[in-house]
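Visitor: Let's talk about aromatic rings today. Put the model up, please.
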Amino acid sequence: SNKINLKYGEVFNSNVTDPKGTSFELSSHPGYALVRLNDKPMHTNSGAMKWKSYFVSVALKDSALRGNYDGQVLRTATDDLMFSIAGGAITLGMPILLRSSFEVPDG
């Protein structure tokens, strides 16, 4: 199947925030979870804005990302990165990213 389902999805919809975050373990793929694919960030600049991002992958649940849902965005608990879609369009096959907030220089 090309769909992934979070095992603890009901926790993300409950408005409960855990400082350690809830595991992004998958019920659609037992024993697996969403994980950070790379350790070093990709640095991106667009005009004056810049941000860092990491690809997300499915791997064994031992490496599961943990996070919370703030009512609008899924974020990682350890470094406050948000889930995003590469290219900004949700279509089959588009990579999922973890992205930092945009940095805009003052002045």
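Visitor: How accessible is F102?
Guide: F102 is partly exposed, with a relative accessible area of 43% (buried is under 20%, exposed over 50%, partly exposed in between; 1.4 Å probe, protein chains only). This is a predicted model, where local features need pLDDT of at least 70 and side-chain atom pairs 80 or more, while totals for chains, interfaces and linings use all residues. Numbering runs from 1 along each chain as its sequence is written, and side-chain values use heavy atoms, without hydrogens or water.

Visitor: Which charged end sits over the ring of F102?
Guide: That of R99, 4.2 Å from the ring centre (NZ of Lys or CZ of Arg within 6 Å of the centre and within 35 degrees of the ring normal). Elsewhere, R36 lies over the face of Y54 at 4.3 Å from the ring centre.

Visitor: New topic: how many aromatic pairs are there?
Guide: Three (Phe, Tyr or Trp rings, the six-membered one for Trp, with centres within 6.5 Å; planes under 30 degrees apart are stacked, over 60 edge-to-face, the rest tilted). One of them is F12 with F24, stacked at 5.1 Å centre to centre and 5° between the planes.

Visitor: Where do F12 and F24 sit?
Guide: F12 is in helix α1 (residues 9-12), and F24 is 12 residues away in the loop between β1 (22-23) and β2 (32-36). Helices (H or I, at least four residues) and strands (E, at least two) are DSSP runs, numbered from the N terminus.

Visitor: Buried or exposed, those two?
Guide: F12 counts as buried at 6% relative accessibility, and F24 is buried at 0%.

Visitor: What about W51 and F102?
Guide: Their ring centres are 4.9 Å apart with planes at 75°, so that pair is edge-to-face. W51 lies in strand β4 (49-60) and F102 in the segment after β8 (96-99), so the pair ties together parts 51 residues apart in sequence.
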